[in-house]
Amino acid sequence: MRARNTLREQRWLVPVILAAALVLVCAPGAYAAKKTRRSRQCEDMSSEEAVIAAERFKIAGEVDSERDCWEQAIDEDEDAVHPLVKLGDLHHTAGRLEKSMDLLNRALLLEPRSSAAAASAGGVLYTMGRFQESVARFEAAVAAETAVACSAQTLNNLGLSYAALRNHA
């Protein structure tokens with residue numbers, strides 16, 4: 001008899017379960033609509049406008065919108081090194097290392113003395129475990145920077161690459 005009372009007492013669960021099922025069924029469409037709406041935010045922008053918007057989205061923590069704006073900036077100006085480096089950094093952070101290297105190598109082809117592109121490529125190569133190449137890229141980044149402007153981060157990463165190379169030799 002106790003089991004029957006428990007079932008009667010929990011009838012309120014039926015509408016809750018139905019509502020949860022409805023949310024699960026409808027949610028994918030709602031998320032897809034939201035993503036589509038986001039990707040249009042940079043759609044008609046010039047390269048410069050897209051760069052500014054991307055930086056704002058980065059500050060706001062909106063990675064998808066930031067990526068969309070970097071892609072728009074590249075679409076508008078294929079020779080723009082800064083958006084290539086920033087988009088490469090986003091792909092590196094997301095674990096898409098090959099895509100990141102493609103973008104960074106493209107940036108380095110356009111501007112071989114870009115310390116930002118060389119340093120970012122060094123970071124991706126380090127993540128890939130390709131320490132010899134990582135050292136070469138970080139050394140190129142240091143050489144491209146002036147003595148005054150050489151970033152502590154680049155020097156630190158060069159040191160980490162040397163240490164990893166020595167430990168894995």
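Predicted model: local features only at pLDDT ≥ 70, side-chain atom pairs only at ≥ 80, totals over all residues.
User: How do you describe two packed helices?
Analyst: You give the angle between their axes and the distance between the axes.

User: Okay, so why is α3 called roughly antiparallel to α4?
Analyst: Helix α3 (residues 47-60) and helix α4 (residues 63-76) pack at an angle of about 165°, with 8 Å between their axes. The cut-off for roughly antiparallel is an angle over 145 degrees, so α3 counts as roughly antiparallel to α4. As for handedness, the crossing of α3 and α4 is left-handed.

User: Which residues in α3 and α4 meet?
Analyst: On the α3 side you have Ser 47, Ala 50, Val 51, Ala 53, Ala 54, Glu 55, Phe 57 and Lys 58, and they meet Ser 65, Glu 66, Cys 69, Trp 70, Gln 72, Ala 73 and Glu 76 in α4. Sorted by class, the contact of α3 with α4 holds eight nonpolar, three polar and four charged residues.

User: Ser 65 turns up there. What makes Ser 65 count as buried or exposed?
Analyst: Buried means under 20% relative accessible area. Ser 65 has 0% relative accessibility, so Ser 65 counts as buried. This serine lies in helix α4, and the C-alpha atoms of Ser 65 and Ala 54 are 7.1 Å apart, although eleven residues separate the pair along the chain.

User: What is the make-up by class of the contact of α6 with α7?
Analyst: Among the α6 residues that meet α7 are Leu 97, Met 101 and Leu 104, and the α7 side includes Ala 117, Val 124 and Leu 125. By class, the contact of α6 with α7 has ten nonpolar, three polar and no charged residues.

User: And what makes α7 roughly antiparallel to α8?
Analyst: The axes of α7 and helix α8 (residues 131-144) come within 8 Å and cross at roughly 160°. With over 145 degrees as the cut-off, α7 is therefore roughly antiparallel to α8. Here α7 passes α8 in a left-handed crossing. The α7 residues that meet α8 include Gly 122, Gly 123 and Tyr 126, while Phe 131, Arg 137 and Phe 138 are among those in α8. The residues of this contact divide into ten nonpolar, four polar and two charged.

User: How do you know that Tyr 162 counts as partly exposed?
Analyst: Partly exposed sits between under 20% for buried and over 50% for exposed. Tyr 162 comes in at 38% relative accessibility, so Tyr 162 counts as partly exposed. You'll find Tyr 162 in helix α9 (residues 152-167). Leaving aside neighbours within four places in sequence, Tyr 162 is in contact with Val 135 and Glu 139. The C-alpha atoms of Tyr 162 and Gln 132, 30 residues apart along the chain, are separated by 8.2 Å.

User: Last one: how many of the protein chain's residues count as buried, as a percentage?
Analyst: Of the 169 residues, 32% count as buried. The accessible surface of the protein chain is about 10,800 Å², and 58% of it belongs to carbon and sulfur atoms.

Methods:
Residues numbered from 1 in each chain as written. Heavy atoms only, no water. Axes fitted to C-alpha atoms, helices over the stretch in contact; angles between N-to-C directions. Helix = DSSP H or I, 4+ residues; strand = E, 2+ residues; numbered from the N terminus. Parallel < 35°, antiparallel > 145°, perpendicular 65-115°, else oblique. Left-handed = near helix turned anticlockwise from the far one by under 90°. Contact = heavy atoms within 4.5 Å. Nonpolar A, V, L, I, M, F, W, Y, C, P; charged D, E, K, R; others polar. Buried < 20%, exposed > 50% of the residue type's maximum accessible area, 1.4 Å probe, protein only. Areas by Shrake-Rupley, 256 points an atom, 1.4 Å probe, with all protein chains shown as cover.
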